[in-house]
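The tour goes from one selection to the next and says what is found at each stop.

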Amino acid sequence: MRRRPGYCHGGGRALLEPGWPLIHFENVGLRYGMGPEILRDLTFDIPRRSFQFLTGPSGAGKTTLLRLLFLSLQPTRGIIRTFDREISTIPRDELPMLRRRIGIVFQDFRLLDHLTTYENVALPLRVRGKEEASYRADVLELLKWVGLGERINVLPPVLSGGEKQRAAIARALIDRPELLLADEPTGNVDPPMARRLLSLFLELNRLGTAVVIATHDLSLMDQVEARRMILSQGRLDIYD
Amino acid sequence: MTDAPRETAETAAPARRPEMRVRPTAPIVPPANVSGRALMFVIAIMAFLACLTFGAVSMVRATAASWQSQISREITIQIKPDDNLDMEQALKDARDLALTFAGTRDGTIVDKAATARLLEPWLGEGLDIDELPVPRLVIVTIDEQSPPDFSAMRKALSEKIPQAFLDDHRTWVDRLVAMARTTAFIGTGVLVLVFSAMVLTVVFATRGALSGNRHIVEVLHFVGAEASFVASEFQKHFLLISLKGSFAGGFLAALFFAIAGFWQGRSIATPQSDQATALFGTFSMGFTGYLGIVATMVVIAILTTLTARFTVMRTIYEIDLVRSDPSRTDQLPDT
């Protein structure tokens, strides 16, 4: 692997893509209040159709970086361009439209307990105002694809940790996002299930979605030859 | 994801197994939970109290107006006895003279028996009115809208019957008007207080019920829902709750007045009913009263719905505020 401390123009396949990267960070720094900088001088791209792991010790700022990528935080300094728009200039009411292009898998799943697996996965389409008849087949197919075809009418409290994880992933994927962010997606599952989920992410990437997986799991990262973004003490090292 | 590869479906349903049926889509906001039921209960209680107060104040106002109207509808001519006076003739003359003035409608001479009944509480039964120098009365009904010229009438009476004294009840009317106005003012004040309490209770109860659903707002926001969509989902939910609650409260209040009115109607001329009527007036609500109850329900429904909308919009605003000000980590979801 080739190390590019602090800056990377993108993974090999993405360099062949025309146009701008999905996300571009330039000298980004972030601090909470008057505290020390959690993230310092981050300059990197998330190219289209790229696949990368984001790793680092606990407290290094992985979740904060994911929040920045997901537009749920603004940096205290530096520039972030998302889908070729500088995020500090994006009005509040336009954020939902941009978030629709990003799928996110929360560490704690964030499924709604009163909705079934099917309804949770269909939620992003429902909030876009689509008719249920127009997406039912797609949702059922995706649920089969993630191995939840028999659990469509089950409420989240009844699902196992791995099933919840897959439901959360399916929800993030259902509208075919251009970028998928996953925070510790294998943190609650056993190794075989982790391999299944990884193959799912790879398959998604093969279909054109850029993927960022935040994880501590070294064995998971060793299974794939992919770009590694290592956060340590607020700084980012990138290994292509 | 229509082109999702099937080879990864490791637990795909076996062949020929019947397709699983999806249940009817549930609402995004859960239809019933503890906080929702508590809110409905609070709204029902507040609607009941507000409607009850509205009805009671309407009754008090009507009663006060009726006191005022009854007493200002009549004037009294009092004729003091005199040795040189033919009392019966004087009574007739006084009545006839009064009725010559425009604005009078009817004149009634209070006969001896009626006068004796009037004095009965003080002088006892079996009173012979001729043995006592008791003044006699003529009651003249007047048109409230265009009353006669009292000073001219007073002057004409004193010229024709020096023993006659005209009492136009102005002192009483003025006092009653003041009392009626005070009563109506106090009633309106109580109504304003109860409505203010209702507004605050409904607003805070709605916000409390919504706080239990904050996670839903966050998830919807993060899966790309627009603020107006999230707000409309919660609006629908809370509109339904408020309509159920306010209908229950309003219906109970209307039922209370209907039962009280029915009781009053059935027990007419009994001491209890007379006392209740004297104190509270009649319990009939009338069209305006029922309209007031419906208006109260509508106000509560609008109030709850608007509170839900503003609270949801504020929650979304707070989430976005965290975005632009990372120091506000207290509101931050664990993403």
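A nonpolar core is a set of buried Ala, Val, Leu, Ile, Met, Phe, Trp, Tyr and Cys residues joined through C-beta atoms within 7 Å. Buried means that 20 or more other C-beta atoms lie within 10 Å of the residue's own; a residue with 12 or fewer is exposed, one in between is partly exposed, and the C-beta atoms are placed from the backbone.

This is a predicted model, in which local features need pLDDT of at least 70 and side-chain atom pairs count only at pLDDT 80 or more, while totals for chains, interfaces and linings use all residues. Residues are numbered from 1 along each chain as its sequence is written, and chains are lettered from A and ligands numbered from 1 in the order in which they are written.

**Stop 1: the cores**

Select A:Ala170 and A:Leu181, the residues with the most contacts inside the largest nonpolar core, which has 117 residues. Next, select residues 34–72 of chain B: this is helix α1, which gives the most to this core, with 15 residues. Helices (H or I, at least four residues) and strands (E, at least two) are DSSP runs, numbered from the N terminus.

Which residues does A:Ala170 touch, leaving aside its neighbours within four places in sequence? They are A:Val121, A:Leu142, A:Leu143, A:Val146 and A:Leu148. Contact here means that the C-beta atoms of two residues, placed from the backbone, lie within 7 Å.

Another core, of 16 residues, lies apart from the largest one; B:Ala94, B:Leu157, B:Ile161 and B:Ala164 are among its members.

**Stop 2: chain B as a whole**

Colour chain B by secondary structure to find 9 helices and 4 strands. Of its 335 residues, 30% count as buried.

**Stop 3: a sheet in chain A**

In chain A, 4 strands form an open antiparallel sheet in the order β3-β2-β5-β6. Strands β3 (37–46) and β6 (85–86) are the edges, each pairing on one side only. Two strands pair if DSSP finds at least two bridges between them. Select residues 23–31 and 77–82 of chain A: strands β2 and β5 pair here over 5 bridges. A:His24 stands opposite A:Arg81 in β5.

**Stop 4: two positive phi angles**

Most residues other than glycine have a negative phi. A:Asn27, in strand β2 of chain A, has a positive phi near 50°. A:Asn27 counts as partly exposed because it has 13 C-beta neighbours inside 10 Å.

Finally, select A:Phe83, in the loop between β5 and β6 of chain A. A:Phe83 has a positive phi of about 50°, and its 17 C-beta neighbours inside 10 Å make it partly exposed.
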